[in-house]
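The following paragraphs are intended to be read alongside the sequence and the coordinates.

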Amino acid sequence: MPDNGRPAGRVDTENAHSARIYDYILGGDDYYPADQEAGDAMAREWPALPVHMRANRDFMNRAVRRLAEEAGMRQFLDIGTGIPTSPNLHEIAQAAAPESRVVYVDNDPIVLTLSQGLLTSAPEGRTAYVEADFRDPAAILGAPGLRQTLDLGRPVALTAIAIVHFMLDADDPAGVVRRLLEPLPSGSHLAMSIATADFAPEEVGRVAREYAARGMPMRLRTRDEAHAFFDGLELVGPGVVQVHKWHPDGSGGRDIRDEDIAMYGAVARKP
């Protein structure tokens, strides 16, 4: 809740923030009244919003687990980490392979404030947090924390979960992803979830307008536009699908309707 005893520092508590709205809707406690008001307003516009956000989180869990267990990934670079929510990425990866190394990247002051929750690595592995902007791949790849944690001569799993919809076309998000992948060796992987209005255009459009009204414009993408992020890579089956259809394991707890999900997800291998 708003009075969580943690130092606010540079955190803007007066205006809603996307990571805190997400935390509020998922039942976390690292949000403020502005985030609660925004989340409630968005859920009124689209009551399926909590189902959608939980399905996105579950996709991340399944993708990371499969990358560790089936693709043999032992290094992960997570862009746009957001507020720590257990199980965090390193907890999932290290449950499968304790020696896994994870670098989290975000430029949000509240994530920096709470980042200690991301640094509780298994003894065999390692985690690090880098404060940097997704739009600056050179700063991310050159950060000492990354270089000290990951060996870029070995395959890396790059994850960008529910972030590119906050990048407009002028930001060239596909180009940013390519520049992050460029120095990574063959056998590296990309896992992404990408927001869309393909399945509930009116409802999701209203949610997008609520975000924009609070200074968070977003770009919702079609399946073809989502597919373009994986150009030149080898898509892992079933390809680019709604996140609840990517290797479902029943963890969602109930049948999920397509119109309740506004996110595509996919995993691909760099040849």
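This is a predicted model: local features need pLDDT of at least 70, side-chain atom pairs count only at pLDDT 80 or more; totals for chains, interfaces and linings use all residues.

Is Asp172 buried, partly exposed or exposed? Asp172 is partly exposed, since its relative accessible area is 33%; buried stands for under 20% relative accessible area, exposed for over 50%, and partly exposed for the range in between, with a 1.4 Å probe and protein chains only. The residue belongs to the loop between S4 and H8.

Residues are numbered from 1 along each chain as its sequence is written, and side-chain values use heavy atoms, with hydrogens and water left out.

Consider next the chain as a whole. Its secondary structure amounts to ten helices and eight strands, where helices (H or I, at least four residues) and strands (E, at least two) are DSSP runs numbered from the N terminus. The protein chain is as compact as a globular protein of its length, because its radius of gyration of 17 Å is close to the 18 Å that the globule rule gives for 271 residues. That radius is taken over C-alpha atoms, and the rule is 2.2 Å times the number of residues to the power 0.38. The C-alpha trace spans about 45 × 40 × 40 Å along its principal axes. Of the 271 residues, 52% are buried. The accessible surface comes to about 11,500 Å², with 49% belonging to carbon and sulfur atoms; such areas come from the Shrake-Rupley method with a 1.4 Å probe, and for residues only the protein chains shown count as cover. Among contacts (heavy atoms within 4.5 Å) between residues at least 6 apart in sequence, 74% join residues at least 24 apart.

The interior can be described through its nonpolar cores, each a set of buried Ala, Val, Leu, Ile, Met, Phe, Trp, Tyr and Cys residues joined through side-chain atoms within 4.5 Å. The largest holds 37 residues, of which Leu77, Ile79, Phe134, Leu146, Met192 and Phe230 touch the most other members. At least two residues of this core come from each of S1 (75-79), S2 (101-106), S3 (126-131), H6 (137-142), S4 (157-161), H8 (173-181), S5 (189-195) and S8 (263-269). Helix H8 gives the most, with five residues. Beyond its neighbours within four places in sequence, Phe230 is in contact with Leu190, Met192, Ile194, Leu235, Val240, Ala266 and Ala268. Apart from this core lies another, of 34 residues, which includes Val11, Ala68, Phe76 and Val243.

Strand S1 also contains Asp78. Asp78 is buried yet has no salt bridge, and the nearest side chain of opposite charge, Arg57, is 7.4 Å away. A salt bridge here requires a side-chain nitrogen of Lys or Arg within 4 Å of a carboxyl oxygen of Asp or Glu; Lys and Arg count as positive and Asp and Glu as negative, while His and the chain ends are not counted. Leaving aside neighbours within four places in sequence, Asp78 is in contact with Leu89, Val103, Tyr104, Val105 and Thr159.

Leu89 is one of the buried residues of H4, together with His90, Ile92, Ala93 and Gln94. The buried residues of H4 pack against H3 (49-69), S1, S2, S3 and S4. In the loop between S1 and H4 (89-96) lies Pro87, which a cis peptide bond joins to Ser86, with omega about 0 degrees.

A cis peptide bond also runs from Gly237 to Pro238, with omega near 5 degrees. Gly237 lies in the loop between S6 and S7 and is partly exposed, with a relative accessible area of 43%. His247 is found in the loop between S7 and S8, and its phi is positive, about 45 degrees, although it is not a glycine. At 25% relative accessibility, His247 counts as partly exposed. The loop between S7 and S8 also holds Asp255, which is exposed, with a relative accessible area of 72%. Asp255 and His244 are eleven residues apart in sequence and 9.5 Å apart in space, C-alpha to C-alpha.
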